[in-house]
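Dear colleague,

I am handing over the structure below, and my notes on it follow. Please read them with the model open beside you.

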Amino acid sequence: MGTAETAGTPGTAGTPGAAGVAGTPGNAQLVEVVLPGIVEPEGLRIERREIPAPAAGEIVVRVEATGVSFAEQQMRRGRYYDQPPFPFVPGYDLVGTVLAAGAGVAPGLVGERVASLVKVGGWASHVVLDAADAVPVPAGVGAAEAETLVVNGITAWQMLHRKARVRAGGTILVHGANGGVGTVLVQLARAAGLRVIGTASARHHTALRELGVIPVDYRAEDVPARVRELAPGGVDAVFDHLGGRSVVDSWRLLAPGGTLVAYGSATTRDDSGSKQLPVLKILGRVWLWNALPNGKHACFFNVWEGRALGKDRFRARLSADLTQVFQALERGEVTARIAARLPLTQAAEALRLAESGTVAGKIVLVPDGGDGASADSAR
């Protein structure tokens, strides 16, 4: 076990020790943020230990950027559908430079910037990965910019292009169009020639209009009624992260042949009881709706469901899709929206900021002392 301190209040805990990776300074240590249980953000712990050496087929990545997503917010509450037992290191995705490679890994990978989807473990200064799980980041894309598009970009791309598959000229509804996934999704949809209706609070409407989205105020308007005004014949796809009553309304808004892609249950964020039940309710509805003879289709999207294809095919598809997202960024079709950059040891503040709902874009954690750590863009 490493030594510990409270997240958000960097201290002097930790004793310099020999690193496990050749070529690192003798006092270099792995710094990681540990979620010990169901705690307030200030209950996160900072721990330090030796940097491990990679085994065969593995790489050690020096993390340059990781992020705060809805998944970590749910994990803190013990509400994420399939989170591991406490304690563990959160962090759904990361971007960094390969520091060392184990036997069987192409030596040319060392020194390259890569991205990876990990589900947990990303909130650390160094992470050991299977080399096959690393996706190259284009040379012209910065670490923080790439980080905003890993889990959000893969999710948006696969839901739009692998699940909904709406033809150019079609109309879609995106709930939470200003959110992490929503912002990427609406931009990819516009690039694909789709008309986009997006729900968000009024203060985000100007930004959405600039992206070519027709905004609907979910707080002040009757969303189903307004969407029916905008699309009298129904929409070709709905992307719903809310669950609960919203997913029923979303199904009813579909045009014949339309697709509902549910991918969360955000309305149950603060509920108590079973964390599986909200998802199981959605799955039950999906099964029932797909049995109806009306030509509509529903699915519950989980980025990890592709593992049923087999590990190699899952990795290949994930790499191909993330590469497509990075290319869209390079073409200017997608922008990297960074709400704030904060040091890794201030993870508690970052999580609190993310949960406040006051920022637009991704909150990125960067190494302590790294370039660009600031919350300027959060204001």
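Is Phe88 buried or exposed? With a relative accessible area of 8%, Phe88 is buried, where buried means under 20% relative accessible area, exposed over 50% and partly exposed in between, for a 1.4 Å probe and protein chains only.

Please bear in mind that this is a predicted model, in which local features need pLDDT of at least 70 and side-chain atom pairs count only at pLDDT 80 or more, while totals for chains, interfaces and linings use all residues. Residues are numbered from 1 along each chain as its sequence is written, and side-chain values use heavy atoms, with hydrogens and water left out.

On the aromatic side, rings of Phe, Tyr and Trp (its six-membered ring) pair if their centres lie within 6.5 Å, and planes under 30 degrees apart count as stacked, over 60 as edge-to-face and the rest as tilted. By this rule the count comes to five aromatic pairs. The ring centres of Phe86 and Phe88 are 5.6 Å apart and their planes stand at 15°, so this pair is stacked; Phe86, at 30% relative accessibility, counts as partly exposed. For Trp304 and Phe314 the centres are 5.9 Å apart and the planes at 35°, so that pair is tilted. Trp304 lies in the loop between strand S14 (297-300) and helix H9 (311-331), and Phe314 in helix H9, so the pair ties together parts that are ten residues apart in sequence; helices (H or I, at least four residues) and strands (E, at least two) are DSSP runs, numbered from the N terminus.

With regards
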